[in-house]
Amino acid sequence: MSAAITGEVVEREYASIRELMEIASDLVSWIDGRISSVDLGHNHVGVHVEAQDDAERLARMLSLGTVTDFPPEAGSPAFSVWTSGVGPGVQFSVYCSGELVRPVRAFPPVESWWHGFYDGGVGTEAA
């Protein structure tokens, strides 16, 4: 994983196109290249995937806490989009128009207190 996703670029107010491309490359590799297209915009990376499990995996890894379903319209299929909150730093969107099993899940950021439980329990140290 590049420093772009794990480091200061995500937290900075503006990222360069080069940094956004590095982030997009990381996202593509996270799901073994199963991406239809990538959108880069002003401090935004959008990824289009066909499979719901790929979309939910990216959403979980990026802690995308908002998911919106869009019904089919004339000439376009139904799709869902997972998004990050609005604020400083790089914004993420994951779009999926494949076969979706509803309801789709969102993955809000984990509260800091949860990390103790996830790593083996509050107040315990790994052996």
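Below are my entries, in the order I looked things up.

**Ground rules.** I'm working from a predicted model, where local features need pLDDT of at least 70, side-chain atom pairs count only at pLDDT 80 or more, and totals for chains, interfaces and linings use all residues. Residues are numbered from 1 along each chain as its sequence is written, and side-chain values use heavy atoms, with hydrogens and water left out.

My helices (H or I, at least four residues) and strands (E, at least two) are DSSP runs, numbered from the N terminus.

**Gln52.** Next I checked Gln52, which sits in helix H4 (residues 52-61). Is Gln52 buried or exposed? At 11% relative accessibility, Gln52 is buried (under 20%; exposed is over 50%, partly exposed in between, with a 1.4 Å probe and protein chains only). Beyond neighbours within four places in sequence, Gln52 contacts (heavy atoms within 4.5 Å) Cys96, Glu99, Leu100, Val101 and Val104.

**Rings.** Searching the whole structure for aromatic pairs (Phe, Tyr and six-membered Trp ring centres within 6.5 Å), I found one. Phe70 and Phe79 are stacked, 4.7 Å centre to centre with 15° between the planes; stacked means under 30 degrees, edge-to-face over 60, tilted the rest. Phe70 is partly exposed at 34% relative accessible area, and Phe79 is partly exposed at 27%.
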